[in-house]
Every structure is written in C-alpha cells, then in structure tokens.
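I opened the model to look up how the chain is put together. My notes follow in the order in which I made them.

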Amino acid sequence: MVSGRPNGELDAWFRSLMVTSSSEKGQAGSGGPVPTLSGWKDLPMELLVRIISTVGDDRMVIVASGVCTGWRDALGWGVTNLSLTWCKQSMNNLMISLAHKFTKLQVLTLRQNKPQLEDSAVEVVANYCHDLRELDLSRSFRLSDRSLYALAHGCPRLTRLNISGCSNFSDTALIYLTCRCKNLKCLNLCGCVKAATDRALQAIAQNCGQLQSLNLGWCDDVTDKGVTSLASGCPDLRAVDLCGCVLITDESVVALANGCPHLRSLGLYYCQNITDRAMYSLANSRVKSKRGRWDAVKDGLANLNISQCTALTPPAVQAVCDSFPALHTCPERHSLIISGCLSLTSVHCACALHPHRAGRALMANHAY
C-alpha cells in the first residue's frame, strides 16, 4: 500500500511482533537480530499500514485512525482504498469525520442500500481527497448538482465514476463535470434520467476521449444524436449499455460498429426500434477488421444483449453470432442474450454444432 523502507527491514519488524517472552526479545524467528519494539507507538508507518491492510476490514482502518495522532497520520498517508458500503446508517456523518484523515485516497466506495449520503459529505471528500481516481456513489438518491460541481473542482483526476441511480443530477452539472474530469474511462449513468441527455453525451464525446465504458441503462431521453456523438468522440469504447433507451434506432448501432473498433460488450435490451440493419452492421464490422482496417481488433464482441428486440430476424442475428466466435448461446457460456425473442430460438453458436469444443473450452477456463 505504501513504500519507503526495504522489505527485509519491514519483515524483521513484523517478526519482532511475534516475540512473546523476554528471552526472545531482539531475536527473529530464525534467530537473527531484529529491531526492538518498545510499544505499538514505535511501529514504522509502512508496517502499521501492512498490519491494518492484512485485516481486510475497513472498519478496523477507521478504528485504528482514532488510536493516536501518529496512527492517524500514518494511515492518512498510507491508505489509498476505502469502502463504507458496510455502513447501514449515518454514512454521511462518518464520511464527513473521515475525509480529512484520508487525504491520499484513490478509490472510495460509498454505495448504499438505502439513501444516506448527502451533498455535504461529497463536498468534504472533494475538499480533501484530490488524488481520487475511482468513486462509487451509486444509489445516492439524496445528492444534488452540488455534489457534481464539488467533484469537478476537487477531484479532476477521476477515471471511474459510478453515479447510477442518482436521479437528481442535471445534464448541466454533468456537462460541467466532464469539462474538468477529462480522464474519465468508466462512467455509469444508469437511471440518471435528468443527467443523461443528448446534450450531455455530446459534451462527454468532446471532453472524455479516453472513455472505455459507459452505462446509459434506462436513460430514456437518449437518442441517436447523443450516441452517434459518442461513437465519433470516444473511439476507445469497449462496453456500452443502452438497455431501455427506447428512442434509439439502428443509427446508434451502426455508428458504434463503425466508430468503436474495440467494442466488446453492447446492451440493447428493450430497444425495440433496432432492426436487422443494426445486426448486419455489427457483423460487417468484423469483416472490416479481417481486411486489416482495424489491426488491433482480434476478438470483437464478446457480450450482446438483444432481449426484447422483437423486430430482429434469425438470419441477421446468426450473422453476428458467426462473425464473433466469443458470442455464445450455449447455457454454459451464455453471452448472446436473446430472451423474449421467440423468433430467434434457432440462432446458435459454434458450440451448438460442435459440443466437444464447448467442453474443451470450459475445461480450459476452469484450469485458470
């Protein structure tokens, strides 16, 4: 978690903690000389952090930070990953009391089962945790635009942000955030119906060119205009979830197929305007890669959800399945999801024709 002292010296300190009798003091388990500890207060910072991280419970980190000033400072400099998902009540007050202690946090998880977090806690995090890279605020129903503005100013290094279910955010605040947090690679906007608009997606395309994963599930105001902008401005997209985006048409899928050569996962659940044209565009994108246009592409699509896309026909979906060997309809490796499409029951992957291949693949997977 932290570095500074040689590992050998830290190991010696650690072994000295195992000394339980006076005759053993100053001797390691192997009989060699080790530094003498007169008390827990003498623990080097690196060793303290190692011990606490070994426990594997963030509650212990919080308790340890309150033991004394030395421990608080040591953990404040050494702890880079913290999760409060275990906190069932008063998460807001707890985060406010902790933020100033853990100023070196890079990963912070504040996911909740019931809404606890308020803008005041996020503002404190933004004021103290300027190195934050990954933040999970999912299901924070009480948050308003104040939180996004605070993060935009205080946490410009964010690369992963999950605000799924934060239905109070506006597209104006999200646009402001993207103008300052330009290193975003993963963004989860599922259920952010006010924030995820075409205007916001155009801003994301303009400001966040490194984006690799975007979840727009159930953002039903999103149209082709926003998605085509993303395909143009974010060519490195690997995973896009458009489930429940009922306004999109084939134009969105065609744009993603042509503009995002690294696309591995695409969710189109309940996008009932999608037709065979979209499927053939995906299949043809694989053909283009084989011709050398996209040399970096090897496997292509590995996950495709077209459940409830009732306008699709078997030949078009079979063309996609044939073009991407990583798509499977077999139960063991189900990655082409077609539930609710009774007309597509005849679509099958190569494993259905050659069951022994599926068996060998499963054995290879289990070997790892």
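I started with contacts, taken as heavy atoms within 4.5 Å. Among those between residues at least 6 apart in sequence, 76% join residues at least 24 apart. Residues are numbered from 1 along each chain as its sequence is written, and side-chain values use heavy atoms, with hydrogens and water left out. This is a predicted model, in which local features need pLDDT of at least 70, side-chain atom pairs count only at pLDDT 80 or more, and totals for chains, interfaces and linings use all residues.

**Confidence.** I read pLDDT as the predictor's confidence in each residue, from 0 to 100. The chain has a mean pLDDT of 85, and 78% of its residues reach 70 or more. Residues 356–368 fall below 50, and the model gives this stretch 6 contacts beyond near neighbours in sequence. Residues 292–297 stay under 50 as well, with 11 contacts beyond four places in sequence.

I counted helices (H or I, at least four residues) and strands (E, at least two) as DSSP runs, numbered from the N terminus. The chain has 15 helices and 10 strands. For burial I used relative accessible area: buried under 20%, exposed over 50%, partly exposed in between (1.4 Å probe, protein chains only). Of the 368 residues, 49% are buried.

**Core.** A nonpolar core here is a set of buried Ala, Val, Leu, Ile, Met, Phe, Trp, Tyr and Cys residues joined through side-chain atoms within 4.5 Å. Which members of the largest one touch the most other members? I found L266, L268, M279 and I306, out of 104 residues. I then listed the contacts of I306, leaving aside neighbours within four places in sequence: L268, M279, L312, V317, L336, I337, I338, C341 and L344.

**Helix 9.** I checked residues 198–207 and found 7 of the 10 buried, so helix 9 is largely enclosed by the rest of the structure. The buried ones are D198, A200, L201, A203, I204, A205 and N207. They pack against helix 8 (171–180), strand 5 (186–188), strand 6 (213–215) and helix 10.

**Helices 10 and 11.** I took axes as lines fitted to C-alpha atoms, for helices over the stretch in contact, with angles from 0 to 180 degrees between N-to-C directions. Helix 10 (residues 224–233) packs on helix 11 (residues 250–259) at about 0°, their axes 8 Å apart. Helix 10 is therefore roughly parallel to helix 11, a label for angles under 35 degrees. D224, V227, T228 and A231 of helix 10 meet E251, S252, A255, L256 and G259 of helix 11.

**Helix 6.** In residues 119–128, I noted D119, A121, V122, V124, V125 and A126 as buried. These pack against helix 5 (91–98), strand 2 (107–109) and helix 7 (145–154).

**Y149.** I located Y149 in helix 7, partly exposed at 30% relative accessible area. Beyond four places in sequence, Y149 is in contact with T172, A173 and Y176. The C-alpha atoms of Y149 and A173 lie 6.4 Å apart, although the two residues are 24 apart along the chain.

**Positive phi.** I looked up two residues here. R139 is not a glycine, yet its phi is about 65°. R139 sits in the loop between strand 3 (134–136) and helix 7, and is partly exposed at 38%. Y270 also has a positive phi, near 65°. Y270 belongs to the loop between strand 8 (265–267) and helix 12 (276–290), and is partly exposed at 34%.

Notes: Parallel < 35°, antiparallel > 145°, perpendicular 65-115°, else oblique.
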